[in-house]
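Reader: I would like to learn how to read the nonpolar cores of a protein model. Could you walk me through an example?

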Amino acid sequence: MFDFDMLLMVGLKFLFALLMIGAVMTMAGYSVLAERKVSAWMQGRVGPNRTVLPFIVHIPFVGKFLKGLGMFQPLADGLKFLFKEEMIPGHVNKLYYNLAPIVALVPALTTMTVLPFGEFFAEDGRTIPLMLANLEVGILFVLAVSSLGVYGIVLAGWSSNSKYPFLGGIRSSAQMISYELAMGLSLLPIFLWVSEPGTGAMGLSLVDIVNSQNDRAWLLLVQPLSALIFLIALFAETNRLPFDMPESETDLVGGFHTEYGGFKFGIFFVAEYAHIVVGSAIFTVIFLGGWHFLPWIADPWPATWVGTLLGIGWFLAKTIFLIFFFIWVRWTIPRFRYDQVMNLGWTKLLPLALLNLIFYVLLVTWLDQPTA
Amino acid sequence: MAKTVVLQRKPLSLSERTYLPQIVTGLKTTFSNMFKEKVTLQYPEEKPIIPKNYRGVPTLVKDPNGREKCVSCQLCEFVCPPKAIRITPGSVPEGEEDREHVEKAPQEFEINMLRCIYCGYCQEVCPEEAIYLQDEYSSSGYTREEMINNKEKLYELGGTLPDSHYKWDQKKTAEEQGNDH
């Protein structure tokens, strides 16, 4: 017998998953455009402003405005990658060479399954967080899966069988190991703080973290040092400047994707930006109060679907600001030297994260001691 | 003898050693740059301003009376370092009263733009001020043959330039007054 409820649930989940992938991929595509536009503006240039669809350009004002913003550039870029010749160099390990872009993209897209981005107010008064899977150990899942992304890079570097990709792969794995530690340690005080008796949140759930920031201080204000360490580690994990060791186009040609072209290169490219989108969203969830309004102010929107939409919009606004911040930093700071990256990770960030953890352990213990 | 002075650098303060204030300063700079005026020239729609003494594509010019100035002396052909110019000399067409003192005119004048190096020697050597490197800088074509500018094309590109001498008019009046020239 068919179980229609079951089928409906699976179908809905499938639909939501497709929507989510669509949203993240669109944002990744437009992050590429934003990167080009923002870099152009910062350098006194104009950026892409020629691409336009034939029927859009005839709309007065709007068409011209969209053309000037380069709104259709991602479409052209994507099509270009799609129609390019798929080259496989003769000296590569074909299986792993083809596998690497997929391995790079999948973790970036998998982390978003546990990403809450809003809440839905049901009619019976319950609030249901909007996310694909409400895991109790959400943040553990994010940390575990997002660091799998490095395998794509290592695999690409190794299977390319060429010196520059190889160096890029090695650097990437070394960097990932160094910053993963600081990243994890910087998050521990957050959970200590949130799990404090009386707040109700007792786990590693991302939803509880967001809700603990409702009409209270954002965790960015409570634990600025944790936020700073997490942000720096996030830059390193997403391979963004000033830590884009695996790519470092000035000394490694293109790093791990030197031997890649066409759509496979496009996948690496999109994966990098998907990482940034998801990373920004995670930072928003943990430190910037997610879909809740400003610190100490209760959500001004009503507990209906309007509030749901406004909440999602507010969440997106924060995420987009962070994506802008990523781009902004990239066009401001030059790249660190490889040894400087390692030095910063091991001798600065890791001890700092440990000290931060110890400080908050002591603080939380002192705050939590029963009042005699 | 010069004395070497070792500068004492002040040790960095704690905030300087984190580099964070410096990074914030950098971020401010790039952010304010975003709103500055753009320097981009939207090329095919906007053209750059070409300075007066620019050496563009070599062209043949006519004098303000619309007369051909080139007398086919072939000095430019001779001086041209990459041998881009080829002139087929001819006579001045019959019945052109005001040009009767000129002995020759080019029958065909070809400049191969695939050879031309824009050195401007032809302009420099021309005794008639008939060849000029003007402000045209973009020449393109689909075939090699298209890139050879013939006489008609050269006059079309060159147009008319003001003349301060009217050399041949002066010679004519001089002869009419009985002076040798």
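Predicted model: local features only at pLDDT ≥ 70, side-chain atom pairs only at ≥ 80, totals over all residues.

Author: Gladly! A nonpolar core is a set of buried Ala, Val, Leu, Ile, Met, Phe, Trp, Tyr and Cys residues joined through C-beta atoms within 7 Å. Buried means 20 or more other C-beta atoms within 10 Å of the residue's own, with C-beta atoms placed from the backbone. Here the largest such core has 83 residues, and Leu115(A), Phe230(A), Ala233(A), Ala274(A), Val277(A), Val278(A) and Phe283(A) have the most contacts inside it.

Reader: Which helix gives the most to this core?

Author: Helix H12 of chain A, residues 262–287, with 15 residues; helices are DSSP runs (H or I) of at least four residues. Domain 1 (25–83) and domain 2 (86–368) of chain A each supply at least three residues to this core, with bounds from an automatic or database domain assignment.

Reader: What does Ala274(A) touch?

Author: Leaving out residues up to four places away in sequence, Ala274(A) touches Val24(A), Ala28(A), Leu105(A), Ala108(A) and Leu109(A). Contact requires C-beta atoms within 7 Å. A second, separate core of 21 residues includes Cys76(B) and Leu133(B).

Reader: How many residues of chain A count as buried, as a percentage?

Author: Of its 372 residues, 41%. Among chain A contacts between residues at least 6 apart in sequence, 76% join residues at least 24 apart.

Notes: Residues numbered from 1 in each chain as written. Chains lettered and ligands numbered in written order. Buried ≥ 20, exposed ≤ 12 C-beta atoms within 10 Å, placed from the backbone. Helix = DSSP H or I, 4+ residues; strand = E, 2+ residues; numbered from the N terminus. Contact = placed C-beta atoms within 7 Å.
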